[in-house]
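Thank you all for coming. I would like to walk you slowly through a few helices, so please keep the picture in view while I talk.

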Amino acid sequence: KEIILRFSGLKMKTDEIRERFLRFFKKKGHKIIPSDSLVPFEDPSVLFTSAGMNQFKEQFMGRNITFRRIATCQKCLRTQDLEKVGKTPGHHTFFEMLGNFSFGDYFKKEAIEWAWEFMTKDLNIKEERLWVSVYIDDAEGYNIWRDIIKVPKNKIIKMGAKENFWPSDAPTEGPNGPCGPCSEIFFDQGPDVGCKKSTCTPACDCGRFVEVWNLVFTQFDRQSDGRLLPLPSKNIDTGMGLERAASVMQGVLTNFQIDIFK
């Protein structure tokens, strides 16, 4: 079954989405950096590269900063997701993560504005199909979405640290190191998908809402005793799943129906 494409008459290819993303952020002053190795070097904290930020841990700590703005398309593998593969429409053994990063340069306002601009202008997704979530204690992020981007209040969902902190539940469970609250952007596949309840929101895990992009406001350094110390500077770490974005742009209900899988 395919979703009726109300936002575009074209089914944008995966390669074009990747190219558009990197070109968009290059125009915003970002240095385009190649994907790091899938098996990370000199990082004992992870077995595989699991996110775009992995190769920039030093920069998030305020060290070895050559470029303040960077964008990548990172090869990723998340071992904690492996048992979900084949059971959900959007988990993979291997996937690509688009991301833009700021090391002490711009922060929440620019990250949110540019994400919205890319999705609604470059990808031409209708605003009414998009919802967002914010960390329950992040009043600044909430106000930006409501007052500057003009997202209706009923489409801004407040959630806890499990859903809207990166890494998930970092304040209580770790790991130690750079972390912060996040804001996610969801695509609404329509009321005929998932639980079909009129009260369904991105807080429901029925599958109606596809989490496409996670904007992480990396501003803390978690300590072994659980303290969240401010980093030397406030940073941005975003991740947009390329395959999920392609499923949205191609109007299909699972990542495995997109062009690169076919």
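In helix α7, the residues Leu242, Glu243, Ala245, Ala246, Ser247, Val248 and Met249 are buried, where buried means under 20% relative accessible area, computed with a 1.4 Å probe on protein chains only. Helices here are DSSP runs of H or I with at least four residues, strands are E runs of at least two, and both are numbered from the N terminus. This is a predicted model, in which local features need pLDDT of at least 70 and side-chain atom pairs count only at pLDDT 80 or more, while totals for chains, interfaces and linings use all residues. Residues are numbered from 1 along each chain as its sequence is written, and side-chain values use heavy atoms, with hydrogens and water left out.

Because seven of the eight residues of α7 (residues 242-249) are buried, this helix is largely enclosed by the rest of the structure. Its buried residues pack against α1 and against the strands β2, β3, β7, β8 and β9, contact being heavy atoms within 4.5 Å. After α7 comes Gly251, with a positive phi near 70 degrees.

Let me turn to another helix. Trp145 lies in α4, residues 139-148, and is buried, with a relative accessible area of 0%. Leaving aside residues up to four places away in sequence, Trp145 touches several others, among them Ile112, Trp116, Val132, Ser183 and Leu215. By contrast, consider Lys84, which is 61 residues from Trp145 along the chain: the C-alpha atoms of the two are separated by 31 Å.

Conventions. Buried means under 20% relative accessible area, exposed over 50%, partly exposed in between (1.4 Å probe, protein chains only).
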